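Subject: Handover of a structure and summary of findings

Dear colleague,

Please find below the structure that I am passing on to you. A written account comes after it.

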Amino acid sequence: MNQSFYVSTSPHIADRESVSKIMFLVCASLLPAGIGAVYFFGARALWIIIISIATAVGTEAVMQKLMKKPVTISDGSALLTGILLSYNVSSQVPLWMPAIGSFFAIAVGKQVFGGLGFNPMNPALLGRAFLLASWPTHMTIFSEAPPRGGTASGIDVITSATPLNVFKQSQEVLAHASEYPVEKVTQAHQAIGQLYDAIDKLFWGQVGGCIGETSVFLLVIGAAFLLYKRYIGLEIPLSYLGSVALLSWAFGGSEGLFSGNVIFHIVSGGLILGAFFMATDMVTSPLTAKGQILFGMGCGIITVLIRKIGGYPEGVSYSILLMNLLVPALDRWAKPKLFGGSRKG
Amino acid sequence: MGSFSGGVHPPERKGFTEKKAVERLPIPPEVVIPVQQHLGAPSKPIVEKGAVVRAGDPVSEANGFVSVPAHASVSGTVVAVENRPHPLGPDALSVVIQSDGQDRWNENIRFQEDYLSLPVSAMLERIRNAGLAGMGGAAFPTHVKLAPPANKTIDTFILNGVECEPYLTSDHRLMLEEPEKILLGMQIIMRILGVKQGAIGIENNKPDAIQILRKKAAELKLPYKVLSLIVKYPQGAEKQLIKAITRREVPSGGLPMDVGCVVQNVSTAAAVYSAVAFCRPLVERIVTVTGKGVRQPKNVLARIGTAYSFIFEQCGGLNEEAGKIIMGGPMMGLAQHSLGAPVIKGTSGLLVMDKKESRRQAEANCISCGRCIHVCPMGLMPKMLGAFVQTARFSDAEAYHVLDCIECGSCAFVCPAHINLVHLIKYGKSEVIKSRKKAS
């Protein structure tokens, strides 16, 4: 029995999870929304997704080679960033834009900080923010190709066609009704009424918007899978959606306080995609339930602030990026309760 | 029944041996008795080469209060007092006895009718003289645990029959085969502690053990509660068991006696009975020999000091796939480097994993998934502790309560990046303790 044996510290067994399994399954959970996007927006959406993924994975490989690090593109994290970046642009952007966005996301958003696990902000959202800041007009063209089944608003007087855009412009008109001609005000009233009546279209995804954000139904299927696998918890999505619901009910209506249409605000824009797939990014969200709830609430508050008084109709991506920066502080503050310790640990 | 927060559900893998009755092993040709088999000061050898000993004779004496003697486990001749392979690390001083094959025993080992009327001090004396140390793994001297300082009021004794480590079935078999010994040992312990409340905690994956202990306790008219606990690792860790049964939390840095509790393992209780009622020292124990790498997994009754190689021979030998030998269970057990190392008082099992199971997966970067924090039964942040140790920030690790870690391994078990968190934390603890010693 002259054998040699492995020795190592305990534990000597592990469960079956791995980083790459998590990444690939998160990618898989985004598949329904991707298929929906191709159905609603046509082959162009598919091209954008492919270009975005190819650039993200390619950038990761080249950067790692240049930095003489092991190439880890097989872990699926660059693939995920590529998918998320493409889901956050309109199907009408020029095809070079997802390439630049993905390059920026991986090179500046991730590799510069040391690669997977070390990035302070969600790389895909950082890529999107870069594109939005650099080419704002390209990034906000949604109207030229309405999705299959028509847009939710159906109003062509107003040039931009995302529901939140229509909503914001109409709100603007109503807020200063005396300064606008009567028919403009009537139109704005009608537009908001139509939006509220078209919530089913928002739910299924027959609206203008970014590639992967429009179908609440398909996103929720993926999110349910992630919840079932416990790759995400309910803390962030619920606190995020809950605070958006509360604040938009209180301040988001056109007839004063507590007149907002909560469901409209929840299902429109990128909120579902953001709350379930991007705010929950493990690397850039807090570690404990307590921290995650605060993080989600912060995201919700900033989202509503931007939607209500900011310059953009939509505030999901900036709200998450801003809250990403608070994560180290939240982690320091929201520690778990120490066994046998005083309440504050 | 309550439980504790955190914890994991590793595959139980008890099926290898749970149905196998304990098999008494033949006397080995040689036993190696290390002078240190317990936590505390090593004992001092009191025999020299050439001495003739009987089974049960002491071969070393306690060296200080937190120390226990060791005993010859076979009759024969001392052939060496020298460094030999030791399960806990480098070679260590051991008394090597060549068996004469006669198995002659020290004749003072016999039933003592008056055992229950002995004063507490005499009972403790017998426990100490029998060399008892906790048999659940940590091997803390039993007489020390049973003699808390006068300023601590103990109101609850908990007997630990949880056996939450995967694979291990030695406590389970003992509960099925010798429930009276366990209960009578518990009776002695409760007299020593002077407590009225006694509970036995067993995970509900051992319904037969729960049933038999309840039945025997009723027959012996011992009013002990036998509690069925949910299956969750590390339910058998002392602090988690106390929490589950009494809802009390041992304070950070404290001991069970700080919340009025004493916990002993079922095997230790049976050994207490043997020690007090028979003056019989701890010279044999049940060892679960298990895993894919061993041909005939079994529960065996082995003499202390029996080499692993002898035990495996009696279990059909190791197969070609044997890759790693672990003393204890897979969550907290120690990987062994030598088949020449002996069974000691804390050896609950010898697990032989196959080569495939033995390999560690390559580490990836931490993705801050928080799973380690979610499962930590002590409410720690293993991710942060690991990062602090990797960057030699030991004072930060201390501030994040690294010393509260019980090394249960739940964090590393769930880590999707396969980061060796227990390894890092153990190192961090040793550095923090070192710097504390330096400071004082």
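The following paragraphs describe the model, chain by chain.

This is a predicted model, in which local features need pLDDT of at least 70 and side-chain atom pairs count only at pLDDT 80 or more, while totals for chains, interfaces and linings use all residues. Residues are numbered from 1 along each chain as its sequence is written, and chains are lettered from A and ligands numbered from 1 in the order in which they are written.

As to confidence, the predictor assigns the complex an ipTM of 0.93 and a pTM of 0.93. The average pLDDT of chain B is 96, and 100% of its residues score at least 70; pLDDT is the predictor's confidence in each residue, on a scale from 0 to 100.

Chain A

Chain A contains 17 helices and zero strands. Helices (H or I, at least four residues) and strands (E, at least two) are DSSP runs, numbered from the N terminus. The radius of gyration of chain A is 22 Å, which agrees with the value near 20 Å that a compact globule of 345 residues would have; it is taken over C-alpha atoms, and the globule rule is 2.2 Å times the number of residues to the power 0.38. Along the principal axes, the C-alpha atoms of chain A fill a box of roughly 95 × 50 × 30 Å.

Of the 345 residues in chain A, 53% are buried. A residue is buried if 20 or more other C-beta atoms lie within 10 Å of its own, exposed if 12 or fewer, and partly exposed in between, with C-beta atoms placed from the backbone. Leu195(A), found in helix 9 (residues 182-197) of chain A, counts as buried because it has 24 C-beta neighbours inside 10 Å. Leu195(A) and Phe103(A) are 92 residues apart in sequence, and their C-alpha atoms are 36 Å apart in space.

The domain assignment divides chain A into domain 1 (19-139) and domain 2 (163-329); such bounds come from an automatic or database domain assignment. The C-alpha centres of these two domains of chain A lie 22 Å apart. Between them, 32 residues of domain 1 of chain A are in contact with 29 residues of domain 2 of chain A, contact meaning that the C-beta atoms, placed from the backbone, lie within 7 Å. On the side of domain 1 of chain A that touches domain 2 of chain A, helix 2 gives the most, with seven residues. The residues of that side comprise 21 nonpolar, 10 polar and one charged. Here Ala, Val, Leu, Ile, Met, Phe, Trp, Tyr, Cys and Pro count as nonpolar, Asp, Glu, Lys and Arg as charged, and the others, Gly among them, as polar.

Chain B

In chain B, domain 1 spans 105-356 and domain 2 spans 371-439 in the domain assignment. Their C-alpha centres lie 28 Å apart. Eight residues of domain 1 of chain B are in contact with nine residues of domain 2 of chain B. The side of domain 1 of chain B that touches domain 2 of chain B has five nonpolar, two polar and one charged residues.

Chain B also has an open sheet of four strands, in the order 2-7-6-4, with antiparallel pairing; two strands pair if DSSP finds at least two bridges between them. Strand 2 (30-34) and strand 4 (52-53) of chain B are the edge strands, each pairing on one side only. Strand 2 of chain B is joined to strand 7 (residues 89-99) of chain B by five bridges, and Glu30(B) has Gln98(B) in strand 7 as its bridge partner.

Yours sincerely

Technical notes:
Contact = placed C-beta atoms within 7 Å.
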